[in-house]
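Me: I am new to reading protein models. Could you take me through some features, one at a time?

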Amino acid sequence: MNSHIIEELSKLTASGLRRTLKLVEGPQGTSVRIDGQEVILLCSNDYLGLANHPAVKEAAIKAIEEYGFGAGASRLVSGNMEPHIILEERIKLFKRAEAVLLFNSGYNANLGCISAIADRHTDIFSDKLNHASIVDACILSRANVKRYPNRDIESLEGMLKASKSRKKLIITDGVFSMDGTIAPLPQIVPLLDRYGATLIIDDAHATGVLGKGGRGTLEHFGIKHPSVIQMGTLGKALGSFGAFIAGSAELIDLLISKARPFIFTTALPPSVCAAATKAIDLVEENPYLIKNLSDNISFMREGLKDAGLDTMGSLTQIIPIFVGKAEKTMEASKKLLERGVFIQGIRPPTVPEDTSRLRLTVMATHSKADLTQALNSIKEVFNG
Ligand SMILES: *Cc1c(COP(=O)(O)O)cnc(C)c1O
């Protein structure tokens, strides 16, 4: 067995696809220490700077004092505690949803929700750039999966028209995690009633970010539709950990009985829920967080464009810098790190072959000085 493992590893090394872990010393922030060197952090999903926010930490500490650390069991056994319920109620208000169910991560939420509602009689229409967790969930569901080209509504409609299934499920990322583009919901939502389809939006990168109140892609477009299912994560802009599905009361009831990644796993620690609840309060009470993020996004994107770099049509806090080849991308990332700027390179299988890129993410808490310094280093590395 081990010789197969070694062989597999050398193949990865040879194709420049071997991954290694970088150690970040200390908490998440606009800058972090790596190997003792202070670097500007431009690849965290902690978009609002809440992961190390004093009020979020205090909420978690208080919950540990009151409820202890572990939940001890799955929610259906004896792990269902007050902080879980309080958080679900808080998300319901925030998302203006009928019902909400927590999952232990976004990966699990997609796996659980999609495999619970789709089966071998379902046609799933999935955007080609959807997150890996959606791809895996589709396989697990045993549904017929049809992948449409990224944000291509004509192709999607053609596939819906051709489908003979009574159960049609469209799945799209709200914000595409490696491109920073936004799903064209104003064109997708009218297809639901026309073709009797259900829509799941993965708002991992839109929760706490898009829309005036950070409620996600539907708020961004001003769309209300009662049957749309929304997934959101608590570990990105909300600085905590875990995820949720928001939808109808019947959907949530079904998930409680059928979603295996909900049923067969230990409940989130209560402190994690208390931290997420506080983070949602902070987003609602401090509109400047989203405003600062939005200002920083424009500043960075325009700066990169002025430097002649290709940001691949990004409109959000996720700003790719297109490179192409995997090795060249990792080289650029390394050179930037030497100059005190941490931007992770992204390569296959996370993105398609020859579309490797640096995936830069800005935070609400970055200062203009941080961003200017980063821009100067980026120009040095790319333009010499
Ligand atoms: C990060 C991400 C997930 C997974 O969420 P986790 O809570 O980190 O497991 C799912 N979908 C998308 C689009 C993501 O970017």
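Reply: Start with burial. Buried means under 20% relative accessible area, exposed means over 50%, and partly exposed lies in between, with a 1.4 Å probe and protein chains only. This is a predicted model: local features need pLDDT of at least 70, side-chain atom pairs count only at pLDDT 80 or more, and totals for chains, interfaces and linings use all residues. Residues are numbered from 1 along each chain as its sequence is written, and side-chain values use heavy atoms, with hydrogens and water left out.

Me: Is Leu199 buried or exposed?

Reply: Leu199 is buried, because its relative accessibility is 0%.

Me: In which element is Leu199?

Reply: Helices (H or I, at least four residues) and strands (E, at least two) are DSSP runs, numbered from the N terminus. Leu199 sits in strand 7, residues 197–202.

Me: What does Leu199 touch?

Reply: Contact means heavy atoms within 4.5 Å. Leave out residues up to four places away in sequence, and Leu199 touches Ile170, Thr172, Leu185, Ile188, Val189, Leu192, Ser227, Val228 and Ile229.

Me: How many residues lie between Leu199 and Phe262 in sequence, and what is their separation in space?

Reply: Leu199 and Phe262 are 63 residues apart in sequence. Their C-alpha atoms are 21 Å apart in space.

Me: Now a helix residue. Is Leu160 buried or exposed?

Reply: Leu160 is part of helix 7, residues 153–162. Its relative accessible area is 1%, so Leu160 is buried. Setting aside neighbours within four places in sequence, Leu160 contacts Phe125, Lys168, Ile170, Leu191, Tyr195 and Ala197. Ile170 is therefore among the contacts of Leu160, and Ile170 is also listed for Leu199.

Me: How far is Leu160 from Gly214?

Reply: Leu160 and Gly214 are 54 residues apart in sequence. From C-alpha to C-alpha, the two are 31 Å apart.

Me: What about Met330?

Reply: Met330 is found in helix 14. Its relative accessible area is 22%, so Met330 is partly exposed. Beyond four places in sequence, Met330 touches Gln344, Gly345 and Arg347. Val175 is 155 residues from Met330 along the chain, and their C-alpha atoms are 24 Å apart.

Me: How do I read a pair of helices?

Reply: Look at their axes. Axes are lines fitted to C-alpha atoms, for helices over the stretch in contact, and angles run from 0 to 180 degrees between N-to-C directions. Angles under 35 degrees count as roughly parallel, over 145 as roughly antiparallel, 65 to 115 as roughly perpendicular and the rest as oblique.

Me: At what angle do helix 14 and helix 15 cross?

Reply: The axes of helix 14 (residues 326–338) and helix 15 (residues 368–383) cross at roughly 135 degrees and come within 10 Å. So helix 14 is oblique to helix 15. Ala332, Lys335 and Leu336 of helix 14 make the contact with Ser377, Ile378, Val381 and Phe382 of helix 15.

Me: Which kinds of residue make up that contact?

Reply: Ala, Val, Leu, Ile, Met, Phe, Trp, Tyr, Cys and Pro count as nonpolar, Asp, Glu, Lys and Arg as charged, and the others, Gly among them, as polar. The contact of helix 14 with helix 15 has 5 nonpolar, 1 polar and 1 charged.

Me: How do helix 5 and helix 10 pack?

Reply: Helix 5 (residues 106–117) and helix 10 (residues 249–258) pack at about 100 degrees, with axes 10 Å apart. They are therefore roughly perpendicular to each other. Gly112, Cys113, Ala116 and Ile117 of helix 5 meet Leu251, Leu254, Leu255 and Lys258 of helix 10. The residues of this contact divide into 6 nonpolar, 1 polar and 1 charged.
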